[in-house]
Amino acid sequence: MESDLSAEVVMGKQHRALVAGATGYLGGEVAKALHGAGYWVRALARDPQRLSVRDVCDDVFVGEVTKPETLDGVMDGIDTVFSSIGLRSFARKPTIWDVD
C-alpha cells in the first residue's frame with residue numbers, strides 16, 4: 001500500500017507540520033519528505049547548529065522537550081506533529097520516561 005504524503009491546501013492555507021527530533025537521522029528524513037510533499041515544516045531543535053536539514057525547514061524553533069518553559073508557542077499554527085525524540089542509550093539521563 002502506497003502512502004500519500006501530499007499536503008492539502010485548504011482555503012488557501014498550506015498544511016503545517018512540526019518535526020520534533022529533526023536533528024536526528026529519522027527526524028531529518030521525515031522533514032525532507034514532508035517538505036518534498038509540500039508541507040510547511042517547523043523543526044524543534046535543542047541545538048539549531050546540529051540541524052543538517054535547515055534548507056527544508058521553513059522555521060526552526062529552539063527548545064527542549066525536557067524543559068517545558070522553552071516550548072511556549074512551538075505548536076502555534078501547526079496542523080500535524082511528528083516526533084522522533086528518544087534516547088540512544090539507557091545509560092544516561094534523562095530517562096526514557098522524561099523524554100518520550
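R16 is positioned over the face of W40, at 3.5 Å from the ring centre. This placement belongs to a predicted model, in which zero aromatic pairs are found.

The protein chain contains two helices and six strands, arranged along the sequence in the pattern β-β-β-α-β-β-β-α. Its mean pLDDT is 86, with 75% of the residues reaching 70 or more.

| Element | Residues | Mean pLDDT |
|---|---|---|
| Strand 5 | 59-62 | 98, the highest among the elements |
| Helix 2 | 96-99 | 58, the lowest among the elements |

Turning to the interior, 28% of the 100 residues in the protein chain are buried. The largest nonpolar core has 13 residues, of which V19, A31, L34, V41, L51, V53 and C57 touch the most other members. Two or more residues of this core are supplied by each of strand 3 (16-20), helix 1 (25-36) and strand 4 (40-45). Helix 1 provides the largest share, three residues. Apart from this core there is a second, separate one of seven residues, with L18, A20, V74 and I78 among them. In soluble globular proteins, nonpolar side chains tend to be buried together.

At the level of the whole chain, contacts with a separation of 6 or more were also examined: 49% of them join residues 24 or more positions apart. The accessible surface of the protein chain is about 6,800 Å², and carbon and sulfur atoms account for 52% of that area.

Definitions and conventions
Residues are numbered from 1 along each chain as its sequence is written. This is a predicted model: local features need pLDDT of at least 70, side-chain atom pairs count only at pLDDT 80 or more; totals for chains, interfaces and linings use all residues. Side-chain values use heavy atoms; hydrogens and water are left out. pLDDT is the predictor's confidence in each residue, from 0 to 100. Helices (H or I, at least four residues) and strands (E, at least two) are DSSP runs, numbered from the N terminus. Buried means under 20% relative accessible area, exposed over 50%, partly exposed in between (1.4 Å probe, protein chains only). Contact means heavy atoms within 4.5 Å. Accessible areas come from the Shrake-Rupley method with a 1.4 Å probe; for residues, only the protein chains shown count as cover. Rings of Phe, Tyr and Trp (its six-membered ring) pair if their centres lie within 6.5 Å; planes under 30 degrees apart count as stacked, over 60 as edge-to-face and the rest as tilted. A charge sits over a ring if NZ of Lys or CZ of Arg is within 6 Å of the ring centre and within 35 degrees of the ring normal. A nonpolar core is a set of buried Ala, Val, Leu, Ile, Met, Phe, Trp, Tyr and Cys residues joined through side-chain atoms within 4.5 Å.
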